[in-house]
Structures are given as structure tokens and as C-alpha cells.
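The sequence and the structure come first.

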Amino acid sequence: MKVLVTGGAGYIGSHVVQLLAERDYDVVVLDNLSKGNRGAVHPDATLIIGDLHDRAALAAIFTAHQIEGILHFASQIQVSESMRKPFNYLRDNLYTFINLLECASQHDVKRFILSSTANLYDQPTRFPIDESETLVPGSIYGETKYMAERLLAWMDRIYGIKYCCLRYFNACGAHPDGHIGEAHDPESHLIPLVLQVALGQREAIEIFGADYDTPDGTCIRDYVHVLDLARAHILALEALAQGESRVYNLGSGSGYSVREVVNAARKVTGRPIPTIDAPRRSGDLPVLVADSEKIGRELGWETDYNSLEAIIQTAWNWHRRHPKGYE
């Protein structure tokens, strides 16, 4: 199968491309490299530097490469930034998504995987969170993913495009050999920030809120390894051949507090990693943990990386070898 991976030079996209290439998929990566990195793309994939805003260029890709399936990662992803710059997110996440859907419909593409988000669950009523939870987007970013999911439902109804929306919780880790990993600028994710302290690139890690109703007072989150996420994408892509659209939550099924992450990083790196208690951030919930039973039951997905220390070890392999990312 020839597949188009938008944002395939980014963090999650590049790990998915890696597994697709290893499984002999014919992979075309479209990325404008504003967030992604050329060095993250598997050498067997075809990299096209371009932008989803350019409808003519996008149509030319579909014509030239006879795309059969799409895995869509390209988007702006910062929750707080989306509340400061809402129209940037609406343009970059939604307008471009409409361009992609239009090309897919015009070129008879019937399989579509959407990189969605757990930010759809801003007011959960039970834990762990399953797919039946009421959708209440927690930001403009979450709203763009909610609208993308709704548009896919219409594309299925009108054009027969079968889709799978994968709602991630906290993606983390890196390829175990350290050749690709997480490199955001600026960085906002906890594990790489903690490892920057271990590398001496920042003095301490701020803990935003130490008085939550959790065992150690800090927020608990669900961390799932990026390669486990990548395998889920391929399982979902193959499952669409059965002719049924799907929605799945992706998480490890267990949560770790901020202090547990810091302590695990100290153990893995052998370095002190000082912390600073800071005020709570607005909107942070005490606990966010996914129920991924559905994708396990229907597609046989399970996580290979079930230890927080094992996850952090893969991230440490990457950050220690690439302290400045892909530079």
C-alpha cells in the first residue's frame, strides 16, 4: 500500500514512518519542516517538503503517487498557545485538514488515520477514561481535533472514506537505538524537560501544583511509548480494510505522578534533577488516565513498554546522544 504521512518528519510521525518502512509500505512524507526534521525521516520514505495550505501542490502529490491511505499528523499542538492564537490554530489545523479531505475524496482514498487528542476529554466523569466519555474539548486545539473527527464522520457518510481517530494521552520515549526521538522547540512535555535538567540544560524542573488529591500531591498522567503508539496506527490502518470506521483511546492504562516521573528519571540518569514547587496551572486536572481496552479487544493492541523507567531510558538514549536535537 502507498500511504501519505503528513507531518511524517515530526516526533510521532517519524516513528510511525519508521515502522511503516520496516513493514514494506510505500511511504510518502509531506512536511513543511516548521516543526519536523529532515533527519527524522526514514531513508526509504519519499520526503516532499510542502504545505497543506497549498491545494495545487497537494493535488499534484495525490496524482503523482496514487495514494491509497493517509496518516495525518501535521498540526499545531500546543494547548496553551491555541488559546492565545486561536485563528492560527483554526487555519493550520482545520483549513489544511479540509484541503486534505477534499484531495482524498477527489482521488478515491478510502483509508484515513487521524492523530487526535485526549484534550477532547476536558471534563471526564469517570476514570480511567474510555471512548464513551462525553466530548468536551479543553482548548481551541482540542476543538480543531473535535471538528476534524466530525468531518471524517461526514466524509465516511458521503464518500465512503473509512477512518480511525486515535486519541492519545501522553506520548513519550524514543526509538531504543536513539536515532530518532522527541525534539520540540520550545519543549513543553514533562519527560524531555526533566531530562534537560539531567543534561544541565536547565537548572530545575518546575512542579505546577503539589496539593492535588493524589498520593503525592502532584498530577497523575498516562504515559504511552511512542513506538506503542506507532504500532497502533498500523493496526488501525489495516483494520480499516474491514470497512468500518473506528475511534480508540491510546494510553498505557496506568498513570504516574510528576514526582514519580522525576524520581524514575533520577534513577535512569544517575543525576540529581532538582525540583521547584510552583503554583497550579489553570485547567490542570488531578488525574488523566486512559482506558485502552477497546483497541486491545478489537485489534489486539497492547503496550510493549510497560515500565516508566524503560520508557525514560529510551528517551535518555536519544537526549544524551542528541543534546541539541537534530541540529
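## Basis

A crossing of two helices is called right-handed if the near helix is turned clockwise from the far one by less than a right angle, and left-handed if it is turned anticlockwise. The model discussed here is predicted.

## Helix α6 and its surroundings

Helix α6 covers residues 190-198. It is mostly covered, with 9 of its 9 residues buried. These are Leu190, Ile191, Pro192, Leu193, Val194, Leu195, Gln196, Val197 and Ala198. The elements that cover the buried residues of α6 include the strands β7 (170-172), β8 (205-208) and β9 (220-225), together with the helices α8 and α10.

After α6 comes Gly200, which has a positive phi, near 80 degrees.

## Packing of α6 against α10

Helix α10 spans residues 308-321, and α6 packs against it at an angle of about 55 degrees, the two axes being 10 Å apart. Angles from 65 to 115 degrees would count as roughly perpendicular and those under 35 as roughly parallel; the angle here makes α6 oblique to α10. The two helices cross in a right-handed sense.

On the α6 side the contact is made by Ile191, Pro192, Leu195 and Ala198. On the α10 side, Ile311, Ile312, Ala315, Trp316 and His319 take part. By class, the residues of this contact are 8 nonpolar and 1 polar, with no charged residue.

## Packing of α6 against α8

Helix α8 runs over residues 258-269. Its axis lies 10 Å from that of α6, and the packing angle is about 45 degrees. That angle makes α6 oblique to α8. The crossing of α6 with α8 is right-handed.

Leu190, Ile191, Val194, Leu195 and Ala198 are the α6 residues in this contact, and they meet Val258, Val261, Val262, Ala265 and Thr269 of α8. The contact of α6 with α8 comprises 9 nonpolar residues, 1 polar residue and no charged ones. Ile191, Leu195 and Ala198 of α6 are also listed in the contact with α10.

## Packing of α4 against α5

The crossing of α4 and α5 is right-handed.

From α4, the contact takes in Pro86, Tyr89, Leu90, Asn93, Leu94, Phe97, Ile98, Leu101 and Ser105. From α5, it takes in Ile140, Tyr141, Thr144, Met147, Ala148, Leu151, Leu152, Met155 and Tyr159. The residues of this contact divide into 15 nonpolar and 3 polar, and none is charged.

## Aromatic pairs

The whole structure holds 3 aromatic pairs. One of them is formed by Phe97 and Phe112, whose ring centres are 5.7 Å apart and whose planes are at 85 degrees, an edge-to-face arrangement. Phe97 belongs to helix α4 (residues 86-106) and Phe112 to strand β5 (residues 111-117), so that this pair links parts of the chain 15 residues apart. Phe97 counts as buried at 1% relative accessibility, and Phe112 counts as buried at 0%.

Another pair joins Trp318 and Tyr326 in a tilted arrangement, with 4.8 Å between the centres and 45 degrees between the planes. Are these two residues buried or partly exposed? Trp318 counts as buried, at 1% relative accessibility, whereas Tyr326 is partly exposed, with a relative accessible area of 24%.

His15 sits in helix α1 (residues 11-22). Its relative accessible area is 0%, so His15 is buried. Apart from neighbours within four places in sequence, His15 is in contact with Ala174, His175, Ile180, Gly181, Val226, Leu227 and Ala230.

Leu288 is located in strand β13 (residues 287-288). The relative accessibility of Leu288 is 17%, and buried means under 20%, so Leu288 counts as buried. Beyond its neighbours within four places in sequence, Leu288 contacts Tyr121, Pro124, Phe127, Ile129, Phe169, Ile220, Arg221 and Asp222. The C-alpha atoms of Leu288 and Val224 are separated by 12 Å, and the two residues are 64 residues apart along the chain.

How values were computed
Residues are numbered from 1 along each chain as its sequence is written. This is a predicted model: local features need pLDDT of at least 70, side-chain atom pairs count only at pLDDT 80 or more; totals for chains, interfaces and linings use all residues. Side-chain values use heavy atoms; hydrogens and water are left out. Axes are lines fitted to C-alpha atoms, for helices over the stretch in contact, and angles run from 0 to 180 degrees between N-to-C directions. Helices (H or I, at least four residues) and strands (E, at least two) are DSSP runs, numbered from the N terminus. Angles under 35 degrees count as roughly parallel, over 145 as roughly antiparallel, 65 to 115 as roughly perpendicular and the rest as oblique. Contact means heavy atoms within 4.5 Å. Ala, Val, Leu, Ile, Met, Phe, Trp, Tyr, Cys and Pro count as nonpolar, Asp, Glu, Lys and Arg as charged, and the others, Gly among them, as polar. Buried means under 20% relative accessible area, exposed over 50%, partly exposed in between (1.4 Å probe, protein chains only). Rings of Phe, Tyr and Trp (its six-membered ring) pair if their centres lie within 6.5 Å; planes under 30 degrees apart count as stacked, over 60 as edge-to-face and the rest as tilted.
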